[in-house]
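Please look at the structure first.

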Amino acid sequence: LFIAGNISGGTSAIDLSGTGIATGPTPTIQAIVDSWGYTAGIAPGLWVTIGGTNLAGPPQTWNLDGVQDLPVALGGATVTFNGAPAALLYVSPAQINALVPASVAPGKVQVVVQVNGVNSSPFTITAQAAQPAVYAPPNADASTFFVTAALAGTATLVGNSATDPRVVRPVYPGDTLDLYMIGVGSTLDPSEFITDRVFSGAFPVSAPVTATVGGEPANVMFAGLTAPGLYLVRIVVPSDLAAGAQPLQVSVGGIQTRPSLVLQMAAAPPR
């Protein structure tokens with residue numbers, strides 16, 4: 001800063017201090033849904049998709065190479081849930097994928113997106129203890145969601161190859177399956193409910209988990225957190241189910257998955 005004057009002795013230095021005011025488009029949150037079931041709402045440890053306008057700069061995805069702590073700032077954007085910063089997987093002007101912090105409790109939650117120092121208006125949404133969703137790509141008209149599962153303890157994917165080309169065969173009666181899920185809630189040991197960093201392990205969840213296939217009970221052998229926001233639920237498919245698309249339902253503490261989930265079944269080949 002240069003100030004004109006009649007002081008002799010050359011240039012004078014003047015120290016300035018203050019708080020800058022950010023300028024730029026104001027981010028606006030329009031909706032928040034879980035990232036797999038597309039159901040409005042949130043739960044602690046749930047991957048959510050935030051939709052709106054001016055939510056970030058150009059599209060950017062996290063890079064976890066050699067990193068343990070998950071990023072809470074990406075593309076100039078941050079997201080807080082009741083003031084707690086959330087890990088960010090993907091940002092763009094119209095969408096943010098964020099992991100709801102484990103500290104979020106059931107009840108009213110205020111979500112704020114900040115972009116380059118500019119805050120959105122708080123978006124109020126109700127959190128519940130769990131909001132379960134199973135990995136299940138939809139059919140062409142999105143009327144039915146076909147679950148892709150893995151044969152227990154393997155990388156062999158089963159389900160419907162028309163909706164997921166990685167699938168090698170349909171599900172057979174009696175198969176033991178690993179379902180990939182989000183939104184299953186807190187762990188039995190609260191210290192293992194990790195939403196801010198990479199970890200290794202499989203930590204049992206606190207809520208009771210039940211499942212049905214084709215309307216029949218499917219034994220749940222294990223339900224636990226295996227990565228930030230990602231859960232594994234191992235079930236045994238009833239042995240008397242007919243071929244075809246059989247409805248699948250998972251309940252976490254009485255909160256159910258969406259009703260349009262199905263498992264693509266087929267009769268096991270003769271041995």
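Q: Is phenylalanine 145 buried or exposed?
A: This is a predicted model, in which local features need pLDDT of at least 70, side-chain atom pairs count only at pLDDT 80 or more, and totals for chains, interfaces and linings use all residues. Residues are numbered from 1 along each chain as its sequence is written, and side-chain values use heavy atoms, with hydrogens and water left out. Buried means under 20% relative accessible area, exposed over 50%, and partly exposed in between (1.4 Å probe, protein chains only). The relative accessibility of phenylalanine 145 is 4%, so the residue counts as buried.

Q: How many aromatic pairs does the structure hold?
A: Rings of Phe, Tyr and Trp (its six-membered ring) pair if their centres lie within 6.5 Å; planes under 30 degrees apart count as stacked, over 60 as edge-to-face and the rest as tilted. The number of aromatic pairs in the structure is four.

Q: What kind of pair do tyrosine 38 and phenylalanine 145 form?
A: Helices (H or I, at least four residues) and strands (E, at least two) are DSSP runs, numbered from the N terminus. Tyrosine 38 is in the loop between β1 (28-34) and β2 (47-53), and phenylalanine 145 is in strand β12 (residues 145-146), 107 residues apart. Their ring centres are 6.3 Å apart and their planes lie at 45°, so the pair is tilted.

Q: What kind of pair do tryptophan 47 and tryptophan 62 form?
A: Tryptophan 47 is in strand β2 and tryptophan 62 in the loop between β3 (60-61) and β4 (77-81), so the pair ties together parts 15 residues apart in sequence. Both tryptophan 47 and tryptophan 62 are buried. With ring centres 5.8 Å apart and planes at 80°, the pair is edge-to-face.

Q: Which residue has its charged end over the ring of phenylalanine 145?
A: A charge sits over a ring if NZ of Lys or CZ of Arg is within 6 Å of the ring centre and within 35 degrees of the ring normal. Over the ring of phenylalanine 145, at 3.9 Å from its centre, sits the charged end of arginine 258.

Q: Which are the edge strands of the open sheet of five strands?
A: Two strands pair if DSSP finds at least two bridges between them. The sheet has antiparallel pairing and the order β1-β2-β7-β6-β3. Pairing on one side only marks the edge strands, β1 and β3.

Q: Which residue is the bridge partner of valine 252 in β21?
A: β20 and strand β21 (residues 255-256) run antiparallel and are joined by two bridges. Their hairpin has two residues between the strands, and glycine 253 takes a positive phi near 55° there. In β21, valine 252 is partnered by isoleucine 255.

Q: Which residues touch the most other members of the largest nonpolar core?
A: A nonpolar core is a set of buried Ala, Val, Leu, Ile, Met, Phe, Trp, Tyr and Cys residues joined through side-chain atoms within 4.5 Å. The largest one has 35 residues. The elements that give two or more residues to this core include β17, β18 and β20 (244-252). Those touching the most other members are Val147, Leu177, Leu179, Ile235, Leu248 and Leu263.

Q: Which residues are in contact with glycine 214, leaving aside its neighbours within four places in sequence?
A: Glycine 214 is in the loop between β17 (209-213) and β18 (216-227), and its relative accessible area is 28%, so the residue is partly exposed. With contact meaning heavy atoms within 4.5 Å, and neighbours within four places in sequence left aside, glycine 214 touches Leu241, Gln246 and Pro247.
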